[in-house]
Amino acid sequence: MQLIDRIEDQMSATGLPLVSITLAAVPCPDTPVILMLHWHGFLHEKIANIEGANTVAYTPVPSSALQVNERWGDVASVDQATLDAAWRLGAWDVSREERLPCVRKGATTKEPLECLQAFGAYPYGVNGQQLTVSDAPDSDELLTVAARRGYLRWKFRPVKGGIWNEVAADITLTADGHREGPCPMVVTCERYDSGRQCVYRLGVPRGEDIAAAT
């Protein structure tokens, strides 16, 4: 599964910096994966669409939800694809959450909302604007499976093309915030076990020996 090309194409198209990137999948091989790109930027709302009109409100740029249809056989392969993308984009770490079904006895009131958000189906907007621009035709079917079987969610914050370059005190990064691939990290969280979370650390802080950190 190649994620880096999809991400970089979107970065080039929007010209906006990224805050974070998330991935959501149901624990069923060969199902689509939803890639979410969360942008840093604001839309300028004006009373009239004319030159010189004053801005009266600022609305966050919607996140992009993209459907990835590449086949995968086990969770470890999605793990590896996410690690490779995060590594090359200079992320400090990758977190993976294994979420319980939200349609179950004892589920909290926020769990259905978090499930919707993970798959790019925000139920509300801001100032009449959508929070997500979605190109994910199978998201409804994925949500149905996720609600009953649980789902997995990965998250990382890119330095290259992101807002974190000035605060990234990481000796493994190049000047523009990227790393050369492939990612040397070995996948260790291979088994799907609902309710578990693991974090892959990729970066090395300044002052720490690289060999010792790996």
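1. Proline 29 is placed in the loop that joins strand 1 to strand 2, where strands (E, at least two residues) and helices (H or I, at least four) are DSSP runs numbered from the N terminus. Leaving out residues up to four places away in sequence, proline 29 touches Trp72 and Gly73, a contact being heavy atoms within 4.5 Å. The C-alpha atoms of proline 29 and tryptophan 72 are separated by 5.8 Å, although the two are 43 residues apart along the chain.

2. A word on the basis of these remarks: this is a predicted model, in which local features need pLDDT of at least 70 and side-chain atom pairs count only at pLDDT 80 or more, while totals for chains, interfaces and linings use all residues. Residues are numbered from 1 along each chain as its sequence is written, and side-chain values use heavy atoms, with hydrogens and water left out.

3. The protein chain has 5 helices and 11 strands. Of its 214 residues, 42% count as buried, that is, under 20% relative accessible area, with exposed meaning over 50% and partly exposed in between (1.4 Å probe, protein chains only). Among contacts in the protein chain with a separation of 6 or more, 73% are between residues 24 or more positions apart.

4. Two backbone details deserve a look, given that most residues other than glycine have a negative phi, and most peptide bonds are trans. Aspartate 30, in the loop between strand 1 and strand 2, has a positive phi, near 65°, and is partly exposed, with a relative accessible area of 38%. The peptide bond from glycine 181 to proline 182 is cis, with omega near 0°, and proline 182 lies in the loop between strand 10 and strand 11.

5. Which residues have the most contacts inside the largest nonpolar core? They are Ile7, Ile21, Leu35, Leu37, Val94, Trp154 and Phe156, in a core of 36 residues, where a nonpolar core is a set of buried Ala, Val, Leu, Ile, Met, Phe, Trp, Tyr and Cys residues joined through side-chain atoms within 4.5 Å. At least two residues of this core come from each of helix 1 (4–14), strand 1 (18–25), strand 2 (33–39), strand 5 (63–68), helix 2 (75–88), strand 10 (151–156) and strand 11 (197–201). Helix 2 gives the most to this core, with 8 residues. Another core lies apart from it and has 16 residues, including Ile34, Met36, Ala118 and Phe119. In soluble globular proteins, nonpolar side chains tend to be buried together.

6. Leucine 37, with its neighbours within four places in sequence left aside, is in contact with Ile7, Gln10, Leu18, Ser20, Ile21, Ser63, Ser64 and Leu66. Glutamine 67, which lies in strand 5, is buried, with a relative accessible area of 7%, and beyond four places in sequence it touches Arg6, Pro32, Val33, Ile34, Asp135, Ala136, Pro137, Asp138 and Ser139. Its C-alpha atom and that of valine 33, 34 residues away along the chain, are separated by 5.9 Å.

7. Leucine 16 sits in the loop between helix 1 and strand 1 and is partly exposed, with a relative accessible area of 26%. Not counting residues up to four places away in sequence, leucine 16 touches Met11, Trp39, His40, Val61 and Gly161; its C-alpha atom is 6.6 Å from that of histidine 40, 24 residues apart along the chain.

8. As for the cysteines, a search of the whole structure finds 0 disulfides, a disulfide being a pair of cysteine sulfur atoms within 2.5 Å. Cysteine 102 is in no disulfide, and the nearest cysteine sulfur, that of cysteine 115, is 4.4 Å away. Cysteine 102 counts as buried at 13% relative accessibility, and cysteine 28 counts as buried at 15%.

9. Asparagine 165 is placed in the loop between strand 10 and strand 11, and at 33% relative accessibility it counts as partly exposed. Its contacts, aside from neighbours within four places in sequence, are Val159, Ala175, Asp176 and Gly177. Asparagine 165 and aspartate 176 are 11 residues apart in sequence and 7.6 Å apart in space, C-alpha to C-alpha.
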